[in-house]
Amino acid sequence: MSHKSINPHLHLDTLAVRMAEDKSQFGENSEALYLTSSFVQPDAATAARRFGGQEEGYIYSRFTNPTVASMEKRLAALEGTEACIGTASGMGAILLMCMGLLKAGDHVVCSRSVFGSTIKLIASEFGKFGVESTFVSQTDIAQWQAAIKPNTRLLFAETPTNPLTEVCDVRALADIAHAAGAWLAVDNCFCSPALSQPVKLGADLVIHSGTKYLDGQGRVVAGAICCSQKLVDEKFMPVMRSAGISFSPFNAWVVLKGKET
Ligand SMILES: Cc1ncc(COP(=O)(O)O)c(C=O)c1O
């Protein structure tokens, strides 16, 4: 049976082990590991169409790889999003999100309890490129509302936070974001989709450090953004093609394999 025929509405436990890209012509039971930098093209014209985006097909593993695609498909199914884009690490996912969504002059409202590197990335690194940020109490909705400005493009929360385990009201934050014409992104690293699916509560993007519970065994560094296909196609894939925050196929395969018992 091709994995493509799996119903994305099946139970989470089933999706977590079965959802993936098509099997190869060999019909392997395990997910195939395509440890390759690039893909042989049938002819120059096909290669040109694939590179130009007029035809589907694997080209180069900086931005397209079947093992990575399997991981993305599985995580999207678990989070209940249309699409997912894998990244080299959780911080790589947050970097890709900021590069794809923000420009100089935009403003971000972020919980002040999120993972320390996230605060540094948004405040210091993106600050250097003219992105403004305001950090607010994770739990005080009034502070999030008061921080909104005309140029606010993104609200970012992590729930529960690392390391304080503070939670936030995702639905209330989604309402504030959408009323301001902004996106809400939620770092779901600690709960994983097994315990929380932020898009069901109104979030637009879900961030993962797959390094934590998605791998679950401390083997690899991994990351992902789960969101709409439109955001992947228009905002994130163009950055991924040029920036190379790529998810290693080997690491994607390790996360896909989970724990065999
Ligand atoms: C909540 C959270 N988000 C993001 C990250 C960053 O992930 P990575 O270490 O995979 O870059 C971490 C790492 O500890 C984290 O705890």
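Begin by selecting D106 and K103, which form a salt bridge with their closest N and O atoms 3.1 Å apart (a side-chain nitrogen of Lys or Arg within 4 Å of a carboxyl oxygen of Asp or Glu). This is a predicted model, in which local features need pLDDT of at least 70 and side-chain atom pairs count only at pLDDT 80 or more, while totals for chains, interfaces and linings use all residues. Residues are numbered from 1 along each chain as its sequence is written, and side-chain values use heavy atoms, with hydrogens and water left out.

D106 is buried, at 4% relative accessible area, whereas K103 is exposed, at 53% (buried is under 20%, exposed over 50%, partly exposed in between, with a 1.4 Å probe and protein chains only).

Select next E31 and K257, whose side chains meet in a salt bridge at 3.4 Å, N to O. E31 lies in the loop between α1 (12-18) and α2 (44-51), and K257 in helix α10, 226 residues apart (helices are DSSP runs of H or I, at least four residues, numbered from the N terminus). E31 is buried, with a relative accessible area of 10%, and salt bridges that share partners join E31, R74 and K257 into one network.

Now show helix α3 (residues 66-79) against helix α10 (residues 249-257), where T67, V68, S70, M71 and R74 in α3 meet P249, A252, W253, V255 and L256 in α10 (contact means heavy atoms within 4.5 Å).

Note on methods
Axes fitted to C-alpha atoms, helices over the stretch in contact; angles between N-to-C directions. Helix = DSSP H or I, 4+ residues; strand = E, 2+ residues; numbered from the N terminus.
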